Amino acid sequence: MKFTKERKTIARKVNGQTQDILVFNLDSEIPGPHIYIQSSVHGAELQGNAVIYKIMSALKSLPFKGSFTIVPHANPLGGCLKMGDYTFGRIDPISGENYNRTYFDTIDKSERGDDSIRIGLSPFCDEHGEKPWSEIKKFFQEEIQNSINKKWEDVKIHGMHFPNKLCLTLQEMAARADYVFDLHTAPVATHYVYTPEYCKESALQLNFPNYIVIPNEFAGALDEATFCPWWSLKDELSKRGRDDIQIDFESYTIELCGEEVIELERAQVEASKILNFLHLKGVIDQGMEVKSPKQVYCKLENFKTYHAPMGGLVDYHKTPGEIVKKGEKLATILSFMGLERLEEIEKCEHPILAQEDLLLINHFASAAAPEGADLFQYFTNFDEI
Ligand SMILES: [Zn+2]
């Protein structure tokens, strides 16, 4: 097995020092799938680094086929910018952009199909649509790389915001893979996985409890940036009567509970799930022991956010992962604003009731919540497997 470490410079700071990411390549030198794993694109979301550590520790002795590209601490700015104790790692402080919304859409969606940087699916399928899938796949991978190369050429002329440049660097590595894992966390949360609709059966092999099934709509995230081109290609080929195509590219965003913590023991369990998934895909020779939890699916449109109706201090009564019935108390908001008479002191408590049956997925990290904060996110209309 060949192990290499590469340092990629994303940008230079005012004083000329560089902002770098470390890229680890593990190559079995046996033909097989290529796996891409990154963590902490949102700087406060730390657990993925611990999972990467456990995966790399396992690969020291586990025989595998193919190769891995692994990027811990994938955001050298967001991961290091502190506000007091807290990591200010979700939003770029200069451009105001969310780091996981600035990946590059490689598919031409212009009405006239004349985007010179992105891939025109119709001309691509005119040229390659009749070929065997293995050839189409090879040419399409090249086409994605060409589109990214043209974007880099454009950057030489116009430059680019830090988040876009960071994301293009990461996306270029991920686009060469067969399986992509983008490791995130939510504020205070349970485990959940974003899966494209076409992978939802395969995603269950990850053995995490909760899945959000996402459509073929690019909204700037890495999973979408990498799977949407393949899904769009499949749709275009289907229109031309090629119903024999099964996309063999999978991309997942995995949310590993809450931010600002690492737990190495839990990381071992999470890493085992990913390694066992790769065993089932023929990458790792040996299976891992993993527990199969009760699994729940929810469409993206049924993954809801409840915003704080008022500012105040929040006592959260439910734990992410719990099922909550309509009318049950989710939280109490404490606010002194409406208090006029001491006899009415109990009016400082404002109960927040569940408006429908739900599965609680995450809640705001702080007890101090301004009006409009993403107080809860939850599944409605979910299906248990
Ligand atoms: Zn995130």
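Is Glu 29 buried or exposed? Glu 29 is exposed, with a relative accessible area of 53%, where exposed means over 50%, buried under 20% and partly exposed in between (1.4 Å probe, protein chains only). The structure is a predicted model, in which local features need pLDDT of at least 70 and side-chain atom pairs count only at pLDDT 80 or more, while totals for chains, interfaces and linings use all residues. Residues are numbered from 1 along each chain as its sequence is written, and side-chain values use heavy atoms, with hydrogens and water left out.

**Positive phi in two loops**

Glu 29 lies in the loop between strand S2 (18-27) and S3, helices (H or I, at least four residues) and strands (E, at least two) being DSSP runs numbered from the N terminus. Its phi is near 60°, a positive value in a residue other than glycine. Most residues other than glycine have a negative phi. His 73, in the loop between strand S4 (67-71) and strand S5 (82-83), also has a positive phi, of about 45°, and counts as exposed at 52% relative accessibility.

**The zinc site**

The zinc ion is coordinated by His 42 (ND1), Glu 45 (OE), Glu 45 (OE) and His 184 (ND1), at 2.1 to 2.6 Å. His 42 lies in the loop between strand S3 (34-39) and helix H1 (47-59) and His 184 in strand S7 (residues 179-186), so the pair ties together parts that are 142 residues apart in sequence. Donors are N, O and S atoms within 2.8 Å of the metal (3.2 Å for Na, K and Ca), and because water is not among the atoms, sites may look incomplete.

**Salt bridges**

The structure holds 23 salt bridges, each a side-chain nitrogen of Lys or Arg within 4 Å of a carboxyl oxygen of Asp or Glu. Three of them are listed here.

| Pair | N to O distance |
|---|---|
| Glu 263 and Arg 266 | 3.1 Å |
| Arg 266 and Glu 270 | 2.8 Å |
| Glu 344 and Lys 347 | 3.6 Å |

Arg 266 and Glu 270 both lie in helix H7 (residues 264-280), four residues apart, about one turn of the helix. Arg 266 counts as buried at 16% relative accessibility, as does Glu 270 at 2%, whereas Glu 263 is partly exposed at 40%. Elsewhere, Asp 126, Glu 236, Lys 239 and Arg 240 are linked in a network of salt bridges.
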